Amino acid sequence: MGSNVNGGLSPHHRHYHRHFNFCAGPAALPTPVLERARDEMLDYQGRGLSVMEMSHRSAAYMAIAEKAEADLRDLLAVPANYRVLYTQGGATQQFAAVPYNLLGPGGRANVINTGIWSKKAIAEARHLFGDVHVAASSEAGGHLAVPRPEEVVLSNDAAYLHFTANETIGGLAFDYIPGSEEGGPRRPDGSEAPLVCDMSSSILSGPLDVSQFGVIYAGAQKNIGPAGLVVVIVRDDLLDRARTDMPSLFGYQALADAGSMINTPATYSWYLAGLVFEWLKDEVGGLAAMEAINARKAARLYGAIDASDFYSNPIAIPNRSRMNVPFVLNDSRLDKTFLAEAEAAGLLNLQGHRSVGGMRASLYNAVPEAAVEALVDFMADFENRRG
C-alpha cells in the first residue's frame, strides 16, 4: 500500500464508511460539513495553514467569526438588542455563570425542575448562593410531563426564571414557553422576571422567538457543532446585573466587550459551528425546513414504538422530545443483545443514559431520515425474532 511522508496510509487508500450515529452528545455532524472541514483542514482558502493554527485575532479568523455570528443571527432572527457570545466550559458552566450574571446584589434564582439537567442547575445555584426557589417541579410524577403553566409560581424576589427546554436524558420537552402568555414570567407582584433557558439539545431544531427570553445558552455538541463551545444569547439590559465577586471569564459584559475573545476561544469549534450554520441556511433551507424534517423523524420513531407491544416510551405525548427519544424493551434481559445487534447493523450509540437505562435515540439535525428508517426497520426485525 502507498504511504504518505508522515507514515500511515495514503489518502488514496483510505476508505470511509459512516454509520448512523444516535449519540446524545457529542453528536452527529452533517456529512457536508465534515467534508468541507476535511478539504480545508491543511490549507484554509489558500493561506497555507489550518484554521486550527490561525491567530484568533487575524483578519482571516475574524472573518470566520463574524460570518458565523451573522449566520446564526439570521437563522434565529436574533434582535439587535441581543448579544451573541461564544464561550467555553460547556452548558454546565452556565449553571454558575447565569446566577453570577443575573443575581446582582439581591434577588433569588427561580428554576423549574424537569429532570437531571435542571436539577444540576438548581444544585449549582444553591452551592454558590444558598437559597433557590423551585418555581415548579415534575419530580413527583417521575418527570413524565412538564408542569403546566398555572403551576409555575415565582418568588417575589425572583431575579430570573430558568428552565431546561429539553431534558436530554429523560426525553422530556416543554410544549410551551413559561410565562409567554403574559409576555414574560411574572412575580406575584406582577413585575416581570427575565426568562433564562438551557437550549443545549433543542436549539436550531426549529424557529424560535428569541425576544421572549432574557438569556439563552446552549452547549455546542448536539445541534451546533463539536464539543468545546457554548453559545450564549443575552439581552443588552441584562449585561450590567452581574455580581462583582465572579470569575472574570464568566462575565457576559466582559465577553460582549471583548467580542468573546477575553482569552483564546475554541477557534476550531467556532469555525465548525459556522459551517453548520451555513449548512442549515444553504442546504437545509432554514429552521422551518429543519423543523419539518425533525417532526417527521420523531413521528416515525414514536409511531413505531407506540404500535408495538415490545417497546414503550412513558413520556406524556405533548412533552415527548423530538431530539431525544428514550424507550425500553419489555424484557430488559434483551438490552445487551439489542445493542450488540444494532451496532453490528451500523446503528450506533443507542444505549440509554446510565442513570435511567434502556435505550435512547437522539435525532438531532444531522441525523438523516434514512437513519430513523433504518432504526425502525431494525426494531421491527428484532421484535419479530426476539419478541
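Select Phe310, Tyr311, Phe327, Phe338, Phe378 and Phe382: together they form one aromatic cluster. The model on screen is predicted.

**Stop 1: aromatic pairs.** Rings whose centres lie within 6.5 Å are taken as a pair. By this rule the structure has 18 aromatic pairs. Begin with Tyr61 and Trp270, whose ring centres are 6.1 Å apart and whose planes meet at 85°, so the pair is edge-to-face. Which helices hold these two residues? Tyr61 is in helix H2 (residues 59–76) and Trp270 in helix H6 (residues 267–284), so the pair ties together parts that are 209 residues apart in sequence. Tyr61 and Trp270 are both buried.

Next, select Tyr100 and Phe250. Their ring centres are 5.9 Å apart and their planes are at 65°, so this pair is edge-to-face as well. Tyr100 belongs to helix H3 (residues 90–102), while Phe250 is in the loop between strand E10 (230–235) and helix H5 (252–257); the pair links parts of the chain 150 residues apart. Are Tyr100 and Phe250 buried or exposed? Both are buried.

**Stop 2: backbone exceptions.** Most residues other than glycine have a negative phi, and most peptide bonds are trans.

- Gly25 and Pro26: the peptide bond from Gly25 to Pro26 is cis, with omega near -5°. Pro26 lies in the loop between strand E1 (20–21) and helix H1 (31–40).
- Gln45: this residue is not a glycine, yet its phi is positive, at about 50°. Look for Gln45 in the loop between H1 and H2. Its relative accessible area is 48%, so Gln45 is partly exposed.
- Ala77: here too phi is positive, about 50°, although the residue is not a glycine. Ala77 is in the loop between H2 and strand E2 (82–87). Its relative accessibility is 56%, so Ala77 counts as exposed.

Notes: Residues numbered from 1 in each chain as written. Predicted model: local features only at pLDDT ≥ 70, side-chain atom pairs only at ≥ 80, totals over all residues. Heavy atoms only, no water. Phe/Tyr/Trp six-rings, centres within 6.5 Å; stacked < 30°, edge-to-face > 60°. Helix = DSSP H or I, 4+ residues; strand = E, 2+ residues; numbered from the N terminus. Buried < 20%, exposed > 50% of the residue type's maximum accessible area, 1.4 Å probe, protein only.
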